[in-house]
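Student: I am new to this structure. Can we go through it one question at a time?

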Amino acid sequence: MKLFCVGCGPGDPDLLTVRAVNLIKSADVIFAPTAREGKPSIALSIVEPYISKSAKTISLIFPMVKEKESLKEYWKRNADEIASTVRAGKKVVYLTVGDPALYSTWIYIHRELAKNHSDIDIDIVPGIASLFAFAARAKMSLAEGEETLAIVPACYDLAKVRQTANSCDTVVFLKDGRYFDSVIDMLGDAGFADSSTVAIAQDVSAGSEMLEISKLGSLRGKKGPAEKYFSVMVAKKNDKQ
Ligand SMILES: C[S@@+](CC[C@H](N)C(=O)[O-])C[C@H]1O[C@@H](n2cnc3c(N)ncnc32)[C@H](O)[C@@H]1O
């Protein structure tokens with residue numbers, strides 16, 4: 001009895017591992033997260049070319065709310081459904097965008113399974129995380145030599161974001177481009193000079209991709225280009241490129 005959690009990469013179906021593709025092709029049941037009833041799952045849409053005709057696909061709801069208490073019921077229900085499908089003898093795959101270890105719904109499912117369904121074996125297949133897909137598209141190194149790198153969600157506490165930005169050479173901001181403008185306006189206070197490089201991308205590796213590389217000074221106080229949840233911003237204090 002085994003469940004495979006498969007990282008689907010950032011969006012381009014070519015950016016999956018061979019292992020991920022083989023598991024998806026041979027799966028009987030494929031679970032994938034979505035934010036609400038009726039909303040297509042992004043993870044499912046990435047792997048569509050590999051899903052066999054006989055496979056059943058099931059979207060599981062993980063509402064996009066920050067308050068964790070109200071989410072617990074969803075995590076439990078989703079994990080129970082996955083567990084009963086695995087116990088029925090099916091080859092089951094759970095999909096997640098990018099890599100399962102980074103801000104993924106998988107983390108909550110994994111914890112529920114370990115707590116309430118410990119008879120089920122788990123195998124995690126890593127995927128290409130958005131920040132690495134971004135770095136490849138921007139042709140940008142994220143850290144070299146003694147430089148430090150932080151990964152920060154932009155949509156929470158701005159004071160915490162400032163503290164992290166202060167102590168790192170490169171900061172990768174994930175989770176929601178609509179918060180990037182307020183982060184940009186704070187970067188000066190966190191030790192980023194106007195000449196620092198700021199790269200912003202949306203829908204990396206998908207058809208609607210947008211990528212802009214600028215200097216902090218030209219972005220400050222303006223409406224930035226990122227408008228979507230699926231956005232990445234990288235700020236580099238000392239860009240040697
Ligand atoms: C719930 S987190 C999932 C992260 C994912 N597990 C990873 O490894 O990249 C969602 C955030 O990841 C980032 N993201 C994921 N895929 C992306 C893409 N193709 N383009 C831009 N940002 C992406 C965005 O910051 C988005 O708000």
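Student: Over how many bridges do strand β2 and β3 pair?

Tutor: This is a predicted model, in which local features need pLDDT of at least 70, side-chain atom pairs count only at pLDDT 80 or more, and totals for chains, interfaces and linings use all residues. Residues are numbered from 1 along each chain as its sequence is written. Strands (E, at least two residues) and helices (H or I, at least four) are DSSP runs numbered from the N terminus, and two strands pair if DSSP finds at least two bridges between them. β2 covers residues 29–34, and its pairing with β3 is parallel, over 6 bridges.

Student: Which residue in β3 is the bridge partner of Ile30?

Tutor: The partner is to be found in β3, which spans 56–61. For Ile30 it is Thr57.

Student: Which are the edge strands of the sheet?

Tutor: The open sheet has 5 strands with parallel pairing, in the order β3-β2-β4-β1-β5. An edge strand pairs on one side only, and this holds for β3 and for β5 (121–125). The edge strands are β3 and β5.

Student: At about what angle to β1 does helix α1 run?

Tutor: Helix α1, residues 18–26, lies across β1 (2–7), β2, β4 (92–96) and β5. Axes are lines fitted to C-alpha atoms, for helices over the stretch in contact (C-beta atoms, placed from the backbone, within 7 Å), and angles run from 0 to 180 degrees between N-to-C directions. For α1 against β1 the angle is about 130°.

Student: Why do the buried residues of α7 line one face of the helix?

Tutor: In α7 (residues 180–187), Phe180, Val183, Ile184 and Leu187 are buried; buried means 20 or more other C-beta atoms within 10 Å of the residue's own, exposed 12 or fewer, and partly exposed in between, with C-beta atoms placed from the backbone. An α-helix has 3.6 residues a turn, so residues three or four places apart point the same way. Taking directions from the helix axis to the C-beta atoms, the buried residues of α7 line one face because they fall within an arc of 105°.

Note on methods:
Contact = placed C-beta atoms within 7 Å.
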